[in-house]
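Please read the points below alongside the sequence and the model.

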Amino acid sequence: QVQLVESGGGLVQDGGSLRLSCAASGLTFSSYAMGWFRQAPGKEREFVAAISWSGRLTNYKDSVKGRFTISRDNAKNTVYLEMNSLKPEDTAVYYCAATTSVLPIGPGLYEYWGQGTQVTVSS
């Protein structure tokens, strides 16, 4: 079956950096666009970034542009989210997801989801 497994979360200070990874199995990874979402306590899940199957197209939430970078390695079936200049408001559980659509921002358009990894940014 399809599995998406996130890793790389943790506790970091304001201004710090983290790199999240999402390893995929059970699907033809290079046929799927991949996205990162996050959900803070008491809030809805929100779009963070997405990357096309080839890696040539990306899309970002406005508040993370210039700080976060999404990338993928199709040979390793892995998508990454490099997060720099982290802020306390970035604190959330981060999820990766897979879709056959073209860089959607709506979570309902993603077909497969990981279990999430916690990112906590302390002030």
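The points run from the whole chain to single residues.

1. Basis of the note. This is a predicted model, in which local features need pLDDT of at least 70 and side-chain atom pairs count only at pLDDT 80 or more, while totals for chains, interfaces and linings use all residues. Residues are numbered from 1 along each chain as its sequence is written, and side-chain values use heavy atoms, with hydrogens and water left out.

2. Overall build. The chain holds eleven strands and zero helices; strands (E, at least two residues) and helices (H or I, at least four) are DSSP runs, numbered from the N terminus. The radius of gyration, taken over C-alpha atoms, is 13 Å, close to the 14 Å that the globule rule gives for 123 residues, so the chain is as compact as a globular protein of that length. That rule is 2.2 Å times the number of residues to the power 0.38.

3. Of the 123 residues, 42% are buried, that is, under 20% relative accessible area with a 1.4 Å probe, protein chains only. Among contacts (heavy atoms within 4.5 Å) with a separation of 6 or more, 57% come from residues 24 or more positions apart.

4. The open sheet. Four strands, in the order β1-β3-β8-β7, form an open sheet with antiparallel pairing; two strands pair if DSSP finds at least two bridges between them. Because β1 (3–7) and β7 (68–73) stand at the edges with a single partner strand each, one side of each is left without a neighbour in the sheet. Five antiparallel bridges join β1 and β3, and E6 stands opposite C22 in β3.

5. The disulfide. How many disulfides does a search of the whole structure find? There is one, a disulfide being a pair of cysteine sulfur atoms within 2.5 Å. C22 and C96 form it, with their sulfur atoms 1.9 Å apart. The pair links distant parts of the chain, C22 in strand β3 (residues 18–25) and C96 in strand β9 (residues 92–99), 74 residues apart. Both C22 and C96 are buried.

6. A buried loop residue. S52 lies in the loop between β5 (46–51) and β6 (58–60). Is S52 buried or exposed? S52 is buried, with a relative accessible area of 7%. Its side chain reaches the backbone nitrogen of R56 at 3.4 Å. Leaving aside neighbours within four places in sequence, S52 is in contact with A33, L57, R72 and L103.

Methods
Buried means under 20% relative accessible area, exposed over 50%, partly exposed in between (1.4 Å probe, protein chains only). A polar contact is a pair of N or O atoms within 3.5 Å; within protein, one must be able to donate a hydrogen and the other to accept it, and residues adjacent in sequence count only if both atoms are side-chain atoms.
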